[in-house]
Amino acid sequence: MTSQAANPFAMSRIDPVAMAGVLPFLAVLAAWAFAPTLSDIPTYKLPAPTIVWETFVEMTLDGSLLWEIWASLQRLAVGYLLGNLIAIPLGVAIALNRAVAETMTPVLSFFQSIAGIAWVPLAIIWFGVGEGSVLFVIANTIFFASIYSTVIGVQSIPQVLYRAALCHGASRWDIITSVVIPGALVQILVGLRTSMAYGWRALVAAEMIAGTNGIGYMTLEAVQWYQTEIVILGMILIGVLWLALDFLVFRPIERVTVRRWGLLS
Amino acid sequence: MTAIREPKISINGVTLVHVNEERRQEHLAVEDLSLDIVEGEFLCVVGPSGCGKSTLISAIAGFMKPRTGGITMNGRAIEKPGADRGVVFQEYALLPWKTVLDNVAIGLKYRGIAKPERERVAREYLAMARLSDAAEKYPHELSGGMRQRVAVARTLANTPEIMMMDEPFAAVDAQTRLTLQEELLRVWDEHPITVLFITHSVEEAVFLADRVAVLTPGPGRLRELVQIDIPREARHWDTISTDTRFLKLRDHVMKLVRNPSR
């Protein structure tokens, strides 16, 4: 066993090729820093990176930024749990039971086309501006971004594994826990990951229209006062938080499960 | 094979039909087959491809129902799959997300046996299959031959009443196959159990079996039952390949397979 397999959470050593991913960010940063000096873009349209940085430090120190981030992340977590806790079991049921599949497929296709942000107007009428509306929209988005991955995952399990389990005495519940869920996990993880990405986007959008706090709300609110530095800061945070979630949550999960099992190379 | 023993499995006038729902086609795999599998025997079924050999295992395992006729075990009709009829599949069918040890212990887990006890039993069977070193590995880290030995250990550890093997060595290379055949006989000697072994290789069947059932090309019917009266001590590849009894029986079975109409 290699040391990496023994400790799957160990960070691999920094390798120069892997660091190449940083280069485009540096290029964008450089372009951003030098653009105003080359043409005369006014500061209110494009504040310098240093101004955005100062805003970041200031808002971090007075706690207002953390407050907005916390509001957004909390909302995302609740919507994510809600959406996936419905999507994954229903996806399993659709894949395993033909009657459920026949019943649910048309209605799901119908609502999939209007998933997410298209629900905001009705959500505002139902739940008012604020928490309820935003949650409804992101849970809805996450549900549709996740459910089909689970269905495909379960359908991709080789028939012979069910038979192997049955002829060794598996009950229905044993089949679900020892064959269906782990067998579909590659795709379920894909669903968990994409639904997080879609949910994140929907969250920001929904906060802009129907929110009362959070990063999305903060970003659009700043427009009213021409606080462009806050707008840009908000956008950067949206991207950085996503990278952090992906790197700290999804990659380690993948490393200790599907990669370890040889299902992903 | 001198004493007369009870039939473990009784196949009576069975017709098996594959139904392809999407194409709305039916394929007659086995027709009017009657065959008894005797308690404790090693029965090989041979026949050309498409004679419904594997379908027979599906029916005994309870994965499909016969169109006509019936199959009983210990006199009781087979209704559904169960741990009393273990199957070793050609494609191994190990669970990729479980270690070798957990794979071998899976049947015991399904039966609700506590973890320390089932791991103790699984280690015992792994030692028997000479796979103790692989206990903590995952199936994808093993060779095809090792995976199939794990699959055999998994089925035996679950102590079924019959072990059914569906062309288990067809996917491994020729050299490994010979080793696996000898291994299987050694293990079978240590853990006597009724075995139904499906193969398209006449040599393999004659080498392993107490009796060989030859099926006709599809739909499969019973052509002949051949008694293989070669003593168990003589079943080693380095000596048996020149044994006249083996050669005669092999040629006889070969003739039956190749000229099914006569």
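Mentor: Helices (H or I, at least four residues) and strands (E, at least two) are DSSP runs, numbered from the N terminus. Axes are lines fitted to C-alpha atoms, for helices over the stretch in contact, and angles run from 0 to 180 degrees between N-to-C directions. What you have is a predicted model, where local features need pLDDT of at least 70 and side-chain atom pairs count only at pLDDT 80 or more, while totals for chains, interfaces and linings use all residues. Residues are numbered from 1 along each chain as its sequence is written, with chains lettered from A and ligands numbered from 1 in the order in which they are written.

Trainee: At what angle do helix α6 and helix α9 of chain A pack?

Mentor: Two packed helices are described by the angle between their axes and the distance between the axes. Here, α6 (residues 120–127) and α9 (residues 172–210) of chain A pack at about 55°, and their axes are 11 Å apart. Under 35 degrees counts as roughly parallel, over 145 as roughly antiparallel, 65 to 115 as roughly perpendicular, and the rest as oblique. So α6(A) is oblique to α9(A). A crossing is left-handed if the near helix is turned anticlockwise from the far one by less than a right angle, and right-handed if clockwise; for α6(A) and α9(A) it is right-handed.

Trainee: Which residues make the contact of α6(A) and α9(A)?

Mentor: Two residues are in contact if their C-beta atoms, placed from the backbone, lie within 7 Å. From α6(A) come Val120(A), Ala123(A) and Ile124(A), and from α9(A) come Ala206(A), Ile209(A) and Ala210(A). For classes, Ala, Val, Leu, Ile, Met, Phe, Trp, Tyr, Cys and Pro count as nonpolar, Asp, Glu, Lys and Arg as charged, and the others, Gly among them, as polar. This contact of α6(A) with α9(A) has six nonpolar, no polar and no charged residues.

Trainee: How do α3 and α11 of chain A cross?

Mentor: At roughly 80°: the axes of α3 (residues 49–61) and α11 (residues 228–256) of chain A come within 9 Å. The two helices α3(A) and α11(A) are therefore roughly perpendicular. Ile51(A), Val52(A), Thr55(A) and Phe56(A) of α3(A) meet Glu229(A), Ile230(A), Ile232(A) and Leu233(A) of α11(A). By class, that gives six nonpolar, one polar and one charged residues.

Trainee: How many helices and strands does chain A have?

Mentor: Chain A has 11 helices and zero strands. Its C-alpha trace spans about 75 × 55 × 30 Å along its principal axes.

Trainee: And the sheets in chain B? In what order do the four strands of the open sheet run?

Mentor: Two strands pair if DSSP finds at least two bridges between them. The four-strand open sheet of chain B has the order β2-β1-β4-β5, with antiparallel pairing. In chain B, β2 (25–38) and β5 (76–77) stand at the edges with a single partner strand each, so one side of each lacks a neighbour in the sheet. Strand β4 (residues 68–73) of chain B pairs with β5(B) over two bridges, in the antiparallel sense; Thr72(B) has Ala77(B) as its bridge partner there. Helix α1 (residues 53–61) of chain B lies across β1 (7–20), β2 and β4, running at about 115° to β1(B).

Trainee: What about the open sheet of six strands in chain B: what is its pairing?

Mentor: Mixed, in the order β6-β7-β8-β3-β9-β10 of chain B. Here β6 (85–88) and β10 (222–227) of chain B are at the edges, each with a single partner strand, so one side of each is left without a neighbour in the sheet. Neighbouring strands are turned by 20° against each other on average, direction ignored. Strands β3 (residues 42–46) and β8 (residues 194–199) of chain B pair in the parallel sense over five bridges, and Val45(B) stands opposite Ile198(B) in β8(B).

Trainee: How many residues of chain B are in contact with chain A?

Mentor: 21 residues of chain B contact 18 residues of chain A. On the chain B side, β6 and α3 (106–110) each supply at least two residues. That side divides into 13 nonpolar, five polar and three charged residues.

Trainee: Finally, what is the mean pLDDT of each chain?

Mentor: pLDDT is the predictor's confidence in each residue, from 0 to 100. Chain A has a mean of 88, with 94% of its residues at 70 or more. Over residues 1–6 of chain A the pLDDT is below 50. For chain B the mean is 91, and 97% of its residues reach 70 or more. The model as a whole scores ipTM 0.91 and pTM 0.83.
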